[in-house]
Every structure is written in structure tokens, then in C-alpha cells.
Amino acid sequence: MAADIVVTGPDEYGCERYKALYGELMNDVGKLAAIEKSYLLLRPEVPLFVVSVRMKTIPSARTIGAVASTRSERDVVYVSISDEMYAPGILTALWHRYGRDNVQQIDRLDISVRGAKTSFEVDDINVESQEQPVKEVLGALNRVLPEGIRVRRTLTGNDVITVVATEERMTQDMLDVAGKVHDSMQNGGEIDV
Amino acid sequence: MYEVIMYDGGIYRSDELFELIEDVGGVVLMKTRSAQMLTVTMSIPSEDRKVVEALCKDIGGQVKEVPLAGTEIAVVGPTLGRHHMPHPICDVAEYLRRCGAVTVVMGLARGRGKNTSQISLEETSIIDEYDACVFMLGNFKSCVETKADLLVRKINVPTVLMCGPKPEGIEETCDAIVHGVGRKASRMRDSEDRAKLEEVSDRVEEILADKKRSLEEDPPFVHPSEIKALLENYPPIDMCLRPAPIVMHLDGLRAKISYEEYHEEIENMLVYGRRLGDVCVIAPSKINDSSMLIRIKTRSQVAYEDSLKAVQ
């Protein structure tokens with residue numbers, strides 16, 4: 001489970017259920033372990049929903065070297081994937097660089113590559129951009145927020161992502177509340193909105 | 001007095017069961033075969049129940065009570081989006097099917113949101129084709145109360161509202177409320193959830209019992225199962241590949257064949273020496289042309305129409 005999930009709002013029952021729902025959905029998309037703190041402000045009577053998450057680390061680009069171990073034997077580089085989540089991405093990146101004929105998936109987590117000069121060359125290939133984890137978290141937050149609350153703004157900065165959502169017109173007051181939540185999450189201070 | 005029970009077992013020696021149902025004067029309401037497994041919902045005379053049960057056990061099957069047999073129920077969510085489907089709407093639909101009902105899951109086109117959600121006349125007309133409706137809403141009290149007023153109030157068939165918190169002031173918008181189940185992202189597996197599903201089924205049973213009581217005051221001219229027996233051998237229905245080509249309602253049936261193509265032939269069929277078109281109102285379904293609704297007129301309605309014809 002995430003280290004900390006705080007849910008506030010006037011609807012006690014709704015807040016309690018949304019806390020469980022948030023945990024389930026984040027767990028489903030595999031992002032719960034990457035989140036340090038989550039704050040959900042739920043005011044369905046307005047309606048105003050603010051969800052802010054602080055990641056454990058600042059998202060960065062991932063290379064094959066970070067998620068797999070490589071070794072070179074004669075003219076073949078063997079890739080042994082240690083994080084299965086990246087397996088499809090690694091395969092796609094290798095196909096793109098060396099062509100399908102030169103890349104063979106030996107079994108679920110092992111790939112052989114012909115045509116690479118050294119294993120370092122394979123290590124440096126990007127499998128996930130810096131934006132990808134942020135996109136995935138935003139996708140998960142869109143699943144958490146109610147479907148009809150369609151007017152949304154996103155605030156991002158370093159390791160904090162905040163989404164504010166309402167049903168019709170986004171007012172400055174709503175953005176101010178979201179800004180306060182975002183700043184407090186970034187500074188690690190107490191949230192008082 | 002007839003009783004509705006369900007056989008759940010293998011296909012082995014099932015022909016003996018069908019023969020026995022025919023011998024005791026019963027009717028097969030629904031038959032579903034999946035590989036070597038078979039479920040048969042049947043209506044049989046009470047005095048012959050023991051004989052039928054004994055045969056069911058003898059051929060290796062089980063007999064289950066099906067309080068909702070012979071009904072078609074719509075389970076409706078605000079939209080078909082992943083925020084509202086599939087949990088717990090599909091769990092409710094599945095549970096009602098186990099109780100013998102034929103269920104249909106549907107979502108509204110513009111049911112999302114709090115103040116902007118709406119239900120169209122076409123949608124209410126489609127829901128009104130069913131015997132009852134289970135409407136599912138979410139976790140926030142203010143949203144549930146607003147949306148019940150906007151959406152559920154317009155439905156004319158008996159409705160059970162399912163929602164998370166206990167709403168206030170919307171009792172007149174529906175016939176029963178089951179609270180404690182809102183938006184969920186997982187299946188309803190634990191004992192608390194199963195108890196809620198049972199509660200929904202009980203509430204549906206109660207509201208349908210009320211509807212049955214009001215129908216008994218002036219009953220349909222013929223029982224829907226008699227028209228079902230008549231239509232079963234009609235070639236377009238016999239050859240229809242849809243899972244349940246005829247679905248029984250409390251006051252009629254849904255026949256899943258084209259209205260445009262076949263309504264005249266069906267209207268000219270005879271039941272108790274009368275044209276089906278004279279004792280039923282046959283109309284196309286609001287969903288599309290692929291099915292038609294047969295609503296059986298009440299005895300007093302038929303008698304009144306007879307008296308008018310006699311005057312002419």
C-alpha cells in the first residue's frame with residue numbers, strides 16, 4: 001500500500017469509500033508502490049475534486065541497463081530482464097534498433113540480439129521516457145475521478161502531480177485551492193484548504 | 001397451482017426430464033445448454049414437484065428455487081464507461097440470473113455528471129419494456145439524491161435503487177432502496193457483498209410480488225407461458241440463434257425476431273380460438289427491429305372489446 005493516503009471532504013461515507021477505491025485503482029495500474037503520499041479533496045456538493053500525489057522519486061528516463069542485465073558473447077548480446085513490466089518496451093526498442101530478424105526472445109525474460117557491437121550499446125537504449133510514469137499516473141487519476149467531472153486542469157512540478165476537476169466552469173477559486181494543495185504537497189507542509 | 005423450479009445438471013438423460021415435464025402438464029420456461037451442462041427453468045404443477053425432483057436427482061442434477069423466473073429485469077448504470085461498469089452492475093445482473101430472471105445490462109448515453117446528467121425519452125421507453133429495473137448510483141450522498149431525482153424518477157416500471165450512502169428525501173422516486181454498495185473497482189466476493197446482492201434480489205422479488213398482485217386483480221387473458229408454447233414451434237423462432245429467443249414477462253413476452261417481417265403471421269395465430277392479434281398488443285421493441293413485444297390484454301379488456309364488437 002501507499003505510505004500515506006489522506007482523503008478529506010464533507011461526505012464521510014464517500015471519502016471512506018474513495019480511499020479504498022483509490023488504493024484499488026492505483027494498485028491495479030501498478031503505481032501504488034511508486035507513490036509516497038496522496039491527498040484527495042472531495043467536495044461533491046460543489047462539485048470540486050482535487051487529487052494530488054507525491055512520487056517517491058523524481059521520474060526519469062529508463063534505459064535497458066537499468067531494468068535488465070546484459071552480457072556479450074562473440075557477436076551476440078544477451079539481455080536478461082529483471083523487471084518484467086518493461087519486457088514489452090525492451091522488445092519494441094530492440095526491434096526498432098536492430099530489426100526483427102536480429103532480435104530473438106529466447107524465453108519470457110531472455111532476449112538475444114545480433115548486430116550490437118557491445119553490451120554497453122544495448123544498455124544505453126531508452127525503454128521509457130521521463131514523461132511516461134507521469135502519463136501513467138495521470139491515466140490512473142483520470143480513472144479515480146468521477147466520469148462526469150470532465151473539466152480538468154493538471155499541475156506538475158518535480159515529483160508532485162495535482163489534478164483539479166469540476167463539472168462545468170473552472171473558477172479561479174478552484175484553481176487557488178488546487179494551487180495550495182499542490183504547494184503544500186511539494187513543500188511537505190500541512191494542507192489546510 | 002404451478003411452481004417454478006430450475007434443474008441444474010448435466011445433459012445426460014435430460015430427455016427423460018423433458019418427457020416428464022410434458023407428462024405432468026408443465027412448461028419449459030428456459031433451457032440453457034453450455035457444453036455438457038444444462039439448466040432448465042420449468043413451471044410444473046405443485047402436486048408433481050416431488051416426482052420431478054426425484055428424477056432430477058436420479059439423473060445427477062440439482063433442483064434450485066428460482067423466485068424471479070419468468071421475468072426480465074434491466075440493470076442500469078449511469079454510463080457504460082469503466083467508472084460505472086462492470087463492477088458491481090455485472091455482479092447484480094449475474095446474481096439476479098441465478099435467481100431465474102433474464103437480465104439486461106445497460107448504460108445511459110448522458111448519465112454521467114451530477115448536474116448535467118440526463119435520461120432521454122427513448123431510454124426510459126426502453127427501460128419501461130422490462131418487468132423491473134435495478135438502477136445503480138455512486139458513493140456521494142448529494143450526487144445520489146440529485147441523480148435519483150433527475151434519472152430514476154422518470155422510469156415507470158418498479159425500480160430498485162442501489163447506492164452507497166443512505167439517501168434522504170428520494171423515497172418516492174423509486175420502489176425500494178438498497179444502500180451500502182456504491183462505485184467499486186473489484187468484484188463483490190466477500191460475505192458482506194454477497195449479503196447485499198441477496199438484499200437486492202429480495203427487494204426485486206418484493207416489488208415484483210406487488211406487480212403480480214395488481215395483475216391478479218384483472219389477470220391476462222392467457223398466461224404468457226401458453227403463448228410461449230405456441231410460438232416455440234414457429235419456424236423463425238425455432239431457428240433463431242439468439243440465446244433466449246423468447247423471454248417471458250409478467251404480462252407478456254419478448255420475441256426476438258423482426259417485427260416488420262413476422263408480426264402479421266404472429267397476429268394471425270390462434271389461441272383458444274381467437275387471433276393472437278385480438279388478445280395481445282404486438283409492438284416493435286424500442287431497442288431496434290430485431291425483437292417485438294407481445295403484451296397480453298387483460299380479461300376485462302378482451303370482454304369489453306367483445307361487447308363493442310357485439311354492438312356493431
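Okay, let's start with helix α11 of chain B: zero of its 13 residues are buried, so it lies largely in the open. Buried here means 20 or more other C-beta atoms within 10 Å of a residue's own, exposed means 12 or fewer, and partly exposed is in between, with C-beta atoms placed from the backbone. Helices are DSSP runs of H or I of at least four residues, strands are E runs of at least two, both numbered from the N terminus.

Quick caveats. This is a predicted model, where local features need pLDDT of at least 70 and side-chain atom pairs count only at pLDDT 80 or more, while totals for chains, interfaces and linings use all residues. Residues are numbered from 1 along each chain as its sequence is written, and chains are lettered from A and ligands numbered from 1 in the order in which they are written.

Most residues other than glycine have a negative phi, and most peptide bonds are trans. In chain A, the V46(A) to P47(A) bond is cis, with omega near -5°, and P47(A) sits in the loop between β2 (35–43) and β3 (48–55).

Then there's N158(A): not a glycine, yet its phi is positive, about 45°. N158(A) is in the loop between β10 (151–157) and β11 (160–166) of chain A, and it's exposed, with 10 other C-beta atoms within 10 Å.

What about chain B? A35(B) isn't a glycine either, and has a positive phi of about 55°. You'll find A35(B) in the loop between β2 (27–34) and β3 (37–45) of chain B, exposed, with 7 other C-beta atoms within 10 Å.
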